[in-house]
Amino acid sequence: MIKNRLKDKDGYTRRAGCVCFKSEQEEEVLLVSSCRHPGRWVVPSGGVERGEDWKEAAVREVEEEAGVRGTLGRFVGEFQNDVNQTRTAVYVLIVTEMLDKWEEGRDRTRSWFPIETAKEMLNAKPYQQQYLDKACSNRLSLIKFIRMIDVKYVTDVLYGGVDFTLPGNGGKECAEFLPLGQRVVETVVYELFTILVFWKMLGKVSVPEDLPAYREGSGVGKRLLLVVHCLVFGIEIGFKFATKQVIFLLNPCHVITAIQIYLLVEPPSKRVLWVFRIHNYLLFGALQAILFPVVNTRLLPFEVATYWIQHTLILLVVPFFLVSLQGPFVLEPVWDFTWATLTFTFFSFYMLLFLQPLGMILHINLNNMVCPAVSDPFSGPYYRIIACCHQPLLIFLIGKIFCIVGHQFVKALYGTEGKKE
């Protein structure tokens, strides 16, 4: 049946097909008989029709020619046949269903072959042999990569150096600081409340239609700050690898550092404005880290100094520099509480639904979700309940203080905030 096939700019017909494997072990491959030459076997493939992309065409062709459906896997490659002037995109497909009747079932037969046998059956189609060669080489490379991964080594680097003898670092005693029942009740009640707040906030955050002029200037200051921030964060990451405590990079201040690096790199857009405004209400974490420092676990030279430099950059340097640029870094009105409320929900989800389960499984005190920090003034059996009160309060309070100071900072720099471009 002649169909309306697509051609590329060079006049080559666009085709798509799949190397169909019987299972994820990829030990047997499905071939179909050729319509033109019934004694020959081919890989199911055909022309791309108008309105289709390569993936859609590949899935359709294997169902039409081989009567199979399955899970589309990795892209094997694009293969060019100069004799027939075709370019064929080939994917791996793991077969999950074989149809009893299919469109070309009367004209074709299908059969499973071991890979080496299938290559021999494709002797008349050397360019299709390349499909199998490439698919199998990709599979072997993936298997080799997985085998190269030493799980024990990876886990050792992630948290093998965590010293559970240091107070507040973790361990069995830390994990048992609260009864499991109390922990579950606290989490369920608080997260149900958070989900309700999140649902009420959907569609209510205020996003300005027009943004102030973006005042990057020559960009020298931005690039310099970016280099300094990346350098300090890189040193901190190096410390975590050296001490085999990479898991602690999930703590909020490290996440905020990564967000600030993103804001310094990404071109102006409404998406940047969203990230910036949410980030503003997470700055309280850096303030807490400065007022109640936890440095008893930092034993390497310059590790404590890096702690102070990083949190100073997070809290005082980067936010005000971004505000000075305006554009997507414009602050919302002081009496707009939608962004603070939305940030509270994200923070709650991250703390209780991500860091807490991970910390309990590994017995590591990620952001003090497992047991209180040594510097926690509210340390005790109800420290988390108290935290569920003072953490949202700090999100709103510190965020709004930054908002007020930021507005005054912009007025002091430019005299007015009202000009839009």
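**Close-up views of a predicted model**

At 1% relative accessibility, C403 counts as buried, a term that denotes under 20% relative accessible area, against over 50% for exposed and partly exposed in between (1.4 Å probe, protein chains only). The model is predicted, so local features need pLDDT of at least 70 and side-chain atom pairs count only at pLDDT 80 or more, whereas totals for chains, interfaces and linings use all residues. Residues are numbered from 1 along each chain as its sequence is written, and side-chain values use heavy atoms, with hydrogens and water left out.

**View A. The disulfide of C174 and C371**. A search of the whole structure finds one disulfide, defined as a pair of cysteine sulfur atoms within 2.5 Å. The sulfur atoms of C174 and C371 are 2.0 Å apart. Because the torsion about their S-S bond is about -95 degrees, the disulfide is left-handed. C174 belongs to helix α5 (residues 172-175) and C371 to the loop between α12 (338-362) and α13 (383-414), so the pair ties together parts that are 197 residues apart in sequence. Helices (H or I, at least four residues) and strands (E, at least two) are DSSP runs, numbered from the N terminus. Both C174 and C371 are buried. C18, by contrast, is in no disulfide, and the nearest cysteine sulfur, that of C20, is 5.3 Å away. C18 also counts as buried, at 0% relative accessibility.

**View B. Packing of helices α10 and α13**. Helix α10 (residues 284-291) packs on α13 at an angle of about 110 degrees, and the two axes are 9 Å apart. Axes are lines fitted to C-alpha atoms, for helices over the stretch in contact, and angles run from 0 to 180 degrees between N-to-C directions. The two helices are therefore roughly perpendicular, the class for 65 to 115 degrees; angles under 35 degrees count as roughly parallel, over 145 as roughly antiparallel and the rest as oblique. On the α10 side F284, L287 and Q288 meet H390, Q391, L394, I395 and I398 of α13, where contact means heavy atoms within 4.5 Å. By class, this contact has five nonpolar, three polar and no charged residues. Within α10, F284, G285, A286 and A289 are buried, and the buried residues of this helix pack against α8, α11 (303-325), α12 and α13.

**View C. N251 in the loop between α7 and α8**. The loop that holds N251 runs between α7 (220-242) and α8 (252-265). N251 is buried, with a relative accessible area of 17%. Residues up to four places away in sequence not counted, N251 touches L366 and N367. Its side chain reaches the backbone nitrogen of N367 at 2.9 Å.

**View D. R277 in helix α9**. R277 lies in α9 (residues 270-280) and counts as buried at 3% relative accessibility. The side chain of R277 reaches the backbone oxygen of S206 at 3.2 Å. Neighbours within four places in sequence aside, the contacts of R277 include P208, W339 and T343.

**View E. R384 in helix α13**. R384 is buried, with a relative accessible area of 6%. The side chains of R384 and E186 are joined by a polar contact of 2.7 Å. A polar contact is a pair of N or O atoms within 3.5 Å; within protein, one must be able to donate a hydrogen and the other to accept it, and residues adjacent in sequence count only if both atoms are side-chain atoms. Among the other residues that R384 touches, not counting those up to four places away in sequence, are L178, R183 and M369.

Conventions
Ala, Val, Leu, Ile, Met, Phe, Trp, Tyr, Cys and Pro count as nonpolar, Asp, Glu, Lys and Arg as charged, and the others, Gly among them, as polar.
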